[in-house]
Amino acid sequence: MTGKVRFSLDPHSSPQMDKINEKPQLAIVHSHLEMGSMDGRSEHEFEDESLVTPVNLSRRANGLNGGYHGSFSTAEQDTSIRSLNDSLWRTLKVVLFTSKINILMPCGPLAVFIHHSFADKGWVFFLSLLGIIPLAERLGFATEQLAFFTGPTVGGLLNASFGNATELIISIHALKGGMIRVVQQSLLGSILSNMLLVLGCAFFSGGIVFLKKEQVFDKAAAVVNSGLLLMAVMGLLFPAVLHSTHSEVHYGKSELALSRFSSCIMLVAYASYLVFQLKDQRDSYDPVGEEGCQNEGSTDDDDEVAEISKWEAITWLAILTVWISVLSDYLVDAIQGASVAWNIPVAFISVILLPIVDRMTLLSSPIPFCVVVGWIMGQPMDLNFQLFETATLFITVLVVAFMLQEGTSNYFKGLMLMLCYLIVAASFFVHVDPPVGEFLIQRFPINSFLQAKEQKEVLLQS
């Protein structure tokens with residue numbers, strides 16, 4: 001006996017021998033796999049290796065990809081939906097919840113509800129006025145955000161245009177209803193509040209914060225703006241003087257024709273002013289130091305970035321404009337009822353209360369534009385703001401021009417401007433327009449017209 005054990009691989013071997021040889025054979029195959037030997041491989045080993053072929057590998061790979069393709073697309077869709085929801089929520093948060101004044105936004109829907117439920121004109125006017133205030137502020141915010149993507153020139157044009165959108169929408173609704181005096185007085189009130197109240201508050205607040213320092217601004221820019229104000233006053237003054245002196249060539253027509261011509265000239269002046277401001281004198285609006293010279297270098301505005309995307313800004317501009325238009329319709333419709341309910345003159349509501357929703361400068365105001373729009377709509381909108389309103393505007397421009405001529409500001413100048421605005425507000429509180437019949441007679445005096453006609457016939461006969 002040599003101690004050797006011989007295993008047979010003969011297929012004709014007995015079952016008993018197969019059972020005996022099964023475990024040693026598996027052990028031999030396992031040992032060969034561990035040693036990495038290529039010699040003496042068994043049939044079972046070749047059968048195990050034959051199970052892993054390139055075909056099977058490709059099938060398994062295809063099966064893996066095919067199995068996870070649908071779930072991968074679903075994951076992409078879920079990610080896109082989640083990203084869209086996050087972007088929508090971020091935009092709503094920035095536009096609707098970042099400004100504290102947005103707490104007044106529910107006043108708009110409440111005004112619509114009261115109009116259709118109770119028809120209380122006083123509350124409808126009050127709530128519509130409060131509801132438009134945050135919308136006008138957010139409209140300016142969306143315009144500023146859009147300006148980040150358009151450059152300084154186009155951005156300046158957008159700010160100049162949409163900055164007056166609220167007042168323009170209200171004026172168009174009033175023109176559609178034939179409320180020409182409301183349009184005139186509301187536009188005048190916006191000018192007065194901007195020049196006296198807003199500028200006065202700015203001077204006063206700055207003077208209080210920097211009590212021991214004198215604030216300095218560009219004197220040249222102030223002189224240019226004062227000249228533009230006086231030019232616009234001249235455009236409003238001549239139709240009023242022409243009407244008051246009864247020196248029209250054609251009564252009831254010359255005054256309107258002069259107003260339309262002057263409005264076109266003022267629009268040309270406004271366009272030229274924009275080109276001058278945005279192209280030729282862009283550096284003149286940089287911050288000014290204490291010595292009166294412009295500060296060079298980057299400012300805080302350079303670090304500002306857009307909070308919403310371009311298309312989000314355009315979408316919000318459209319939404320806010322439509323909602324302002326809706327509320328403006330309710331606001332204008334309730335003016336007369338609010339005047340009766342509160343026992344307040346319409347002149348006070350138009351000059352003092354309506355301008356709360358918007359602020360604007362004289363040349364950038366839609367006064368000339370409203371004259372042209374009224375011309376297109378067939379409404380006799382003109383620049384004759386009546387003697388009382390025109391005199392108020394003329395004195396206001398003189399006061400502001402004197403305050404700006406030195407190029408400095410302090411809290412006392414701001415206080416003076418605010419006190420002047422209180423005088424103006426009190427004046428319009430006791431000022432009442434004549435009734436419609438008397439107003440038409442004043443606008444188109446029949447006796448003067450007949451006298452002029454008779455004089456003309458005498459001259460033709462002679």
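This is a predicted model: local features need pLDDT of at least 70, side-chain atom pairs count only at pLDDT 80 or more; totals for chains, interfaces and linings use all residues.

Visitor: What share of the contacts comes from residues 24 or more positions apart?

Guide: If you take the contacts with a separation of 6 or more, residues 24 or more positions apart account for 79% of them.

Visitor: And the largest nonpolar core, which residues have the most contacts inside it?

Guide: That core has 80 residues, and the ones with the most contacts inside it are Phe125, Met381 and Leu393. Helix H5, which covers residues 121–147, gives the most to this core, with 12 residues.

Visitor: What is phenylalanine 125 in contact with?

Guide: Leaving aside neighbours within four places in sequence, phenylalanine 125 is in contact with Leu331, Ala334, Ile335, Ala338, Trp342, Ile349, Leu353 and Leu354.

Visitor: Switching topic: how many aromatic pairs does the structure hold?

Guide: The structure holds 7 aromatic pairs. In one of them, phenylalanine 348 and phenylalanine 429 have ring centres 5.2 Å apart and planes at 85°, and because planes over 60 degrees apart count as edge-to-face, this pair is edge-to-face. The pair links distant parts of the chain, with phenylalanine 348 in helix H13 (residues 346–353) and phenylalanine 429 in helix H16 (residues 411–429), 81 residues apart.

Visitor: Are those two buried or exposed, or in between?

Guide: Phenylalanine 348 has a relative accessible area of 14%, so it is buried, whereas phenylalanine 429, with a relative accessible area of 41%, is partly exposed.

Visitor: Which residues form another pair that is edge-to-face?

Guide: Phenylalanine 388 and phenylalanine 428 form an edge-to-face pair, at 5.2 Å centre to centre and with 80° between the planes. This pair also links distant parts of the chain, since phenylalanine 388 is in helix H15 (residues 386–404) and phenylalanine 428 is in helix H16, 40 residues apart. Phenylalanine 388 counts as partly exposed at 32% relative accessibility, while phenylalanine 428 is buried, with a relative accessible area of 0%.

Visitor: What lies over the face of phenylalanine 141?

Guide: Arginine 138 lies over the face of that ring, at 4.3 Å from the ring centre.

Visitor: How many disulfides does a search find?

Guide: A search of the whole structure finds 0 disulfides. As background, a disulfide is a covalent bond between the sulfur atoms of two cysteines. Cysteine 264 counts as partly exposed at 34% relative accessibility, and cysteine 420 counts as partly exposed at 22%.

Visitor: Last topic, glutamines: where is glutamine 145, and what does it touch?

Guide: Glutamine 145 has its place in helix H5 and counts as buried, at 4% relative accessibility. Not counting residues up to four places away in sequence, glutamine 145 touches Ala306, Glu307, Ile308 and Ala313.

Visitor: And glutamine 386, why does it count as buried?

Guide: Glutamine 386 lies in helix H15, and its relative accessibility is 14%, so it counts as buried, because buried means under 20%.

Conventions. Residues are numbered from 1 along each chain as its sequence is written. Side-chain values use heavy atoms; hydrogens and water are left out. A nonpolar core is a set of buried Ala, Val, Leu, Ile, Met, Phe, Trp, Tyr and Cys residues joined through side-chain atoms within 4.5 Å. Buried means under 20% relative accessible area, exposed over 50%, partly exposed in between (1.4 Å probe, protein chains only). Helices (H or I, at least four residues) and strands (E, at least two) are DSSP runs, numbered from the N terminus. Contact means heavy atoms within 4.5 Å. Rings of Phe, Tyr and Trp (its six-membered ring) pair if their centres lie within 6.5 Å; planes under 30 degrees apart count as stacked, over 60 as edge-to-face and the rest as tilted. A charge sits over a ring if NZ of Lys or CZ of Arg is within 6 Å of the ring centre and within 35 degrees of the ring normal. A disulfide is a pair of cysteine sulfur atoms within 2.5 Å.
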